[in-house]
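Please consult the sequence and the structure alongside the numbered points.

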Amino acid sequence: GGDDHKKKKKMQKQHQHQPPPAPLNFHTFVVIVAGVSGCGKSSVGIAVAKLWGSATFADADDYHPAENIEKMRSGTALNDSDRKPWLEALAKLIKRHVESKTRLVLSCSALKKSYRDILRGMDDKISSKVGILLLEGSVELIASRLKDRKGHFFNPKLLQSQFQTLEKPKPSENVLIVPILEPVSTIAHSIVQHLQKRSRI
């Protein structure tokens, strides 16, 4: 009889502490590909959108007001008040996709927890359908990639300030950390596998 009692207790315990859903899962409609400039957000995002099927890709940089772009071009880092209207516009875009049940892959630096919180929104009906992954690589690797870029308005001097701004997500934030050492196609395939998982684990 004692064993049965233990089993019952164990089951009750498991029920109480249900793990949070995986950061990206079968119910995700919007995927935010986050990380510092030069880590490959757009390349990975475009590849994920193609593989995932009937998904739209959007680059958060395209939603910056002109004065923000001017600031970045001149080598001035954006502050939080520069970013707020931009993040709020992106949050509206995300909400529209979740409400219309259309898939969106958004590349966006989302370096701080407060930015990620704005993007996800406070409404659980929306935020539970928004998955965030952070592309992670060393300063040296990303700096070498930035040097090879043409026609991109990012100033490599700003890379250091991006790494200083970056707040690595704590487990409670439920963000998937993805190293960028593999080729883009390999990274994209592994991300889409997460999106096709129906289970919570």
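1. Glutamate 88 and lysine 84 lie 4 residues apart in helix H4, so about one helical turn separates them. Their side chains form a salt bridge of 2.8 Å, N to O; the term denotes a side-chain nitrogen of Lys or Arg within 4 Å of a carboxyl oxygen of Asp or Glu. Glutamate 88 is partly exposed at 35% relative accessible area, as is lysine 84 at 44% (buried is under 20%, exposed over 50%, partly exposed in between, with a 1.4 Å probe and protein chains only).

2. This is a predicted model, in which local features need pLDDT of at least 70 and side-chain atom pairs count only at pLDDT 80 or more, while totals for chains, interfaces and linings use all residues. Residues are numbered from 1 along each chain as its sequence is written, and side-chain values use heavy atoms, leaving out hydrogens and water.

3. Helices are DSSP runs (H or I, at least four residues), numbered from the N terminus. Within helix H4, glutamate 99 and lysine 95 are also 4 residues apart, about one helical turn, and their side chains meet in a salt bridge of 3.1 Å, N to O. Glutamate 99 is exposed, at 53% relative accessibility, whereas lysine 95 is partly exposed at 38%.

4. Lysine 71 and aspartate 82 form a salt bridge whose closest N and O atoms are 2.7 Å apart. This pair links distant parts of the chain, with lysine 71 in helix H3 (residues 66–73) and aspartate 82 in helix H4 (residues 80–99). Aspartate 82 is buried, at 14% relative accessibility; lysine 71 is partly exposed, at 26%.

5. The count of salt bridges comes to 7.

Notes: Helices (H or I, at least four residues) and strands (E, at least two) are DSSP runs, numbered from the N terminus.
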